[in-house]
Amino acid sequence: MTDSNVTNPADAHTEQLARGLAAAAYINPQRDTGPWDDLTPQEQDDFRAEAARATTKEAN
């Protein structure tokens, strides 16, 4: 379920977390987010950035 060009385990974790965040947003009736595959590349990148920030906070 991760991106095929993700080779670093940390990047794979971030990708998995980003997809989870997008899924949570998708099922939240108060958010207007589609499923991961329907998101634009920019929207996917936004979720990846949010996941990276969360991962960085966990490490500190």
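This briefing covers the protein chain as a whole and then threonine 33. The model is predicted: local features need pLDDT of at least 70, side-chain atom pairs count only at pLDDT 80 or more, and totals for chains, interfaces and linings use all residues. Residues are numbered from 1 along each chain as its sequence is written, and side-chain values use heavy atoms, with hydrogens and water left out.

**The chain**
- The protein chain has two helices and zero strands (DSSP runs numbered from the N terminus: helices are H or I, at least four residues; strands are E, at least two).
- Of its 60 residues, 20% are buried (under 20% relative accessible area, 1.4 Å probe, protein chains only).
- The chain exposes about 4,400 Å², and carbon and sulfur atoms supply 50% of that (Shrake-Rupley method, 1.4 Å probe).
- Among contacts with a separation of 6 or more, 41% join residues 24 or more positions apart (contact means heavy atoms within 4.5 Å).

**Threonine 33**
- Threonine 33 sits in the loop between helix H1 (9–27) and helix H2 (41–59).
- Threonine 33 is buried because its relative accessible area is 15%.
- Leaving aside residues up to four places away in sequence, threonine 33 touches Ala22, Ala25, Tyr26, Leu39 and Phe47.
- Glutamate 43 is ten residues from threonine 33 along the chain, and their C-alpha atoms are 9.2 Å apart.

Notes
Buried means under 20% relative accessible area, exposed over 50%, partly exposed in between (1.4 Å probe, protein chains only).
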